[in-house]
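Open the model in your viewer and keep the selection tool at hand.

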Amino acid sequence: MTKVTRRHMAGTGWKMNLRAFEVPGYAQRLLQQIGTGDTSAIDLFVLPPFTSLAAAAAAFGGTPVAIGGQNMHWEEHGAWTGEISASMLVDAGCRYVELAHSERLQHFGETYEHVCSKVDRALATGLTPILCLGETAEDRRRGGSDDVLAWQVTTALAGQPAARVPDVVLAYEPRWAIGGSEAASCEYVAARHATLRALLRDRYGADVANRTRILYGGSVTPRNGPDLVALDDVDGLFVGRAAWDPEGFAQIVAEVADAARAKAGRSGS
Ligand code: PEP
């Protein structure tokens, strides 16, 4: 078995939940829980709504939990009412920005062409994009999942030099598994992650493919987390509902940390 050295990640997007006054309590409970385990080998993040970023920056400052935005505009400033720029996220203390979440695509008309511009701006501003990818139920039904993933990655990363690709975190989130009652099966996730890894290898070379992290998201829970994150090409978990309860998130964080240790300890093939 091959040793995996990619730094694993556990993160959550809060969507439109957790107002500023609720953040200190969440942070205190989460930090209390994860404080007892060794999470030094993994990267942790929470993505609060914009109005809770300041509270999150204060609550998580000096802790291993980084914060990020759930979206941003591709321009730096200008007449874009209601939007937030990459620099504004940096001002708010963000290290990450989530791009192309399925709810942005579905409800707000975002496209991967927009996302391509956002990836570029995020990287240029020093943010790490968490780039969501995933097929719809209809794509899956007609057997087109891998083609859709290939198109999404190619479009979103168009114009990026190979050296920059590992600075992007890919998050495979099948759209039909988000907000549902069941995650994708391990077999299905393993196949999609292998497809994405192979695509990176073909396009950017083995070194880039080996260094780029690919997370899984979509109905992850503390119950299914260990099996999903044990998969070779799954470099961490991106969690919605199950992490809005800090104890649930702490449990998933511990599972990711365990998997990262197990993978790093494997003997090379
Ligand atoms: C998400 O919205 O990105 C997500 C993974 O949500 P959930 O875990 O609730 O399916």
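**Stop 1: the largest cavity**

Select Ala-100, His-101, Ser-102, Leu-105, Tyr-112, Cys-132, Leu-133, Gly-134, Glu-173, Arg-175 and Ile-178: these residues line the largest cavity. A cavity here is a set of points, on a 1 Å grid over the protein atoms alone, where a 1.4 Å probe fits but cannot get out; lining residues have an atom within 4 Å of a point. This is a predicted model, in which local features need pLDDT of at least 70, side-chain atom pairs count only at pLDDT 80 or more, and totals for chains, interfaces and linings use all residues. Residues are numbered from 1 along each chain as its sequence is written, and side-chain values use heavy atoms, with hydrogens and water left out.

The largest cavity has a volume of about 40 Å³, where a volume is the space filled by probe spheres set on the points, joined across faces, edges and corners. How many cavities of 30 Å³ or more are there? The count is one.

Now colour α4 and β5 (128–133): each gives at least two residues to this lining. Helices (H or I, at least four residues) and strands (E, at least two) are DSSP runs, numbered from the N terminus. The cavity lining holds six nonpolar, three polar and two charged residues. Ala, Val, Leu, Ile, Met, Phe, Trp, Tyr, Cys and Pro count as nonpolar, Asp, Glu, Lys and Arg as charged, and the others, Gly among them, as polar.

**Stop 2: the largest pocket**

Move to the largest pocket, with a volume of about 820 Å³. A pocket is an open set with protein on both sides within 12 Å along at least five of seven lines. Its lining has 41 residues; select Gly-13, Lys-15, Glu-98, His-101 and Glu-103, the closest to its centre. α4 (102–108) and β8 (236–239) are the elements that give two or more residues to this lining. The largest share, four residues, comes from α4.

**Stop 3: the ligand**

Which space holds the ligand? The ligand sits in the largest pocket, meaning that more than half of its atoms lie within 2 Å of the grid points.

For Gly-179, a polar backbone atom lies 2.8 Å from a ligand oxygen. For Arg-241, a side-chain N or O atom lies 2.6 Å from a ligand oxygen.

How values were computed. A polar contact is a pair of N or O atoms within 3.5 Å; within protein, one must be able to donate a hydrogen and the other to accept it, and residues adjacent in sequence count only if both atoms are side-chain atoms.
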